[in-house]
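Subject: Structure for you to look at

Hello,

Here is the structure I said I would pass on. Please open it first, then read the notes below with it on screen.

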Amino acid sequence: MVWKNPWYNPALSHHSPDGFINTTPAVHQPGDVKRWRNERKAAGLPRPPADGYDRFIEQWWQKAEITGDSNGLWWLGHASILLRLQEQYLLTDPVFSRRASPVRFAGPQRRTPLALAIADIPQLDAILISHNHYDHLDTWTLRALLRRFPDVQFFIPLGLGALIRRLGAKYVTELDWWQSVTFQGMVYTAVPAQHWSMRTLWDRNRSLWCGWVVESAEERFWFAGDTGYTPELLTIPQRLGALDVVALPVGAYAPRWFMSINHMDPQSAVALWQQLGSPLAFPIHWGVFELADESLDQPVKELQQSLSEAATDNDNFRILKIGQYLSLG
């Protein structure tokens with residue numbers, strides 16, 4: 001039987017009868033994947049960081065120390081953030097495994113150590129998932145978190161409910177873009193992203209992808225998840241209000257001719273940050289997994305260069321070490 005999208009709403013431009021689509025008409029051409037893989041292999045990409053992995057870890061990693069009780073966050077590497085708001089703890093796209101892969105013996109491996117063990121998370125009220133790619137939705141990590149926090153609340157985009165419930169989650173909220181729900185005094189809204197979804201050869205774009213805006217009494221925080229640059233991202237503050245804190249992806253962008261549809265590069269992230277009014281920002285989606293052709297240290301080098309060239313005060317764009325704390329108070 002041919003699969004049909006059970007959430008299909010013809011009034012919504014990101015819905016299709018067969019799944020979900022981006023509202024910006026940008027698609028790869030036939031043969032692009034093969035071309036990228038051939039070029040990648042021929043050039044021996046990605047290369048190690050300029051000074052080696054050990055030096056990169058020494059410069060850009062530290063153990064996360066969970067202390068205090070004020071609003072703040074710890075970037076745990078890639079798209080994983082531990083966020084503390086209103087004395088609640090939230091985790092975004094937690095991946096604590098050695099590989100971002102459907103199997104334990106192959107696939108992109110973690111190049112930097114874990115900054116925080118699951119046993120050291122003091123409390124967990126909610127988990128936010130942006131989409132189903134293996135570097136964002138890791139079933140081993142989620143099962144481990146559920147064993148420690150069986151009553152944790154999940155916020156996920158449409159189409160992931162069955163998978164998350166099979167892992168043992170009891171409290172699951174699936175949202176479409178622009179849908180909101182209030183949980184423990186904070187408002188969670190699923191917002192647009194330009195990306196795609198797939199975990200097997202047979203489920204491409206059958207589940208939605210999104211970012212998340214979490215609104216507390218003090219802050220409006222945007223976790224962009226995984227997204228290419230699109231002007232549609234600017235509708236988020238237009239509809240929800242000015243953003244106080246933003247987590248912007250800056251990695252997995254090379255080669256740009258292939259990756260730019262689905263992944264922002266550092267230059268795009270800085271341009272978007274300026275268009276948003278230069279709120280407090282920090283880069284994510286770099287420093288852990290080698291998913292594209294750039295070296296592990298290339299995103300931060302290009303980001304530093306782009307910020308130095310920006311015609312604005314860039315003190316509000318904070319480049320964090322993996323495991324580093326950022327105060328929101």
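Keep in mind that this is a predicted model.

Start with strand S11, residues 211-215. Four of its five residues are buried, so S11 is largely enclosed by the rest of the structure. Strand S10 (residues 186-191) runs antiparallel to S11, and five bridges join the two. In this pairing, Tyr 188 stands opposite Val 214 of S11. S11 is also joined to strand S12 (residues 220-223), by four bridges, and that pair is antiparallel as well. Here Glu 215 stands opposite Arg 220 of S12. S11 and S12 form a hairpin, with four residues between them.

Helix H3

Which residues of helix H3 are buried? H3 covers residues 139-148, and the buried ones are Thr 139, Thr 141, Leu 142, Ala 144, Leu 145 and Leu 146.

Backbone details

Most peptide bonds are trans, and most residues other than glycine have a negative phi. The following places depart from that pattern.

- The peptide bond from Leu 45 to Pro 46 is cis, with omega near -5°. Pro 46 lies in the loop between helix H1 (32-43) and helix H2 (53-60).
- Ala 254 and Pro 255 are also joined by a cis peptide bond, with omega about 0°. Pro 255 is found in the loop between strand S13 (245-249) and helix H6 (256-259).
- Trp 178 is not a glycine, yet its phi is positive, at about 75°. This residue sits in the loop between strand S8 (171-175) and strand S9 (180-183).
- Ser 278 also has a positive phi, near 60°, and is a residue other than glycine. Ser 278 belongs to the loop between helix H7 (266-275) and strand S14 (280-284).

Is Ser 278 buried or exposed? Its relative accessibility is 17%, and buried means under 20%, so Ser 278 counts as buried.

Regards

Key: Residues are numbered from 1 along each chain as its sequence is written. This is a predicted model: local features need pLDDT of at least 70, side-chain atom pairs count only at pLDDT 80 or more; totals for chains, interfaces and linings use all residues. Side-chain values use heavy atoms; hydrogens and water are left out. Buried means under 20% relative accessible area, exposed over 50%, partly exposed in between (1.4 Å probe, protein chains only). Two strands pair if DSSP finds at least two bridges between them.
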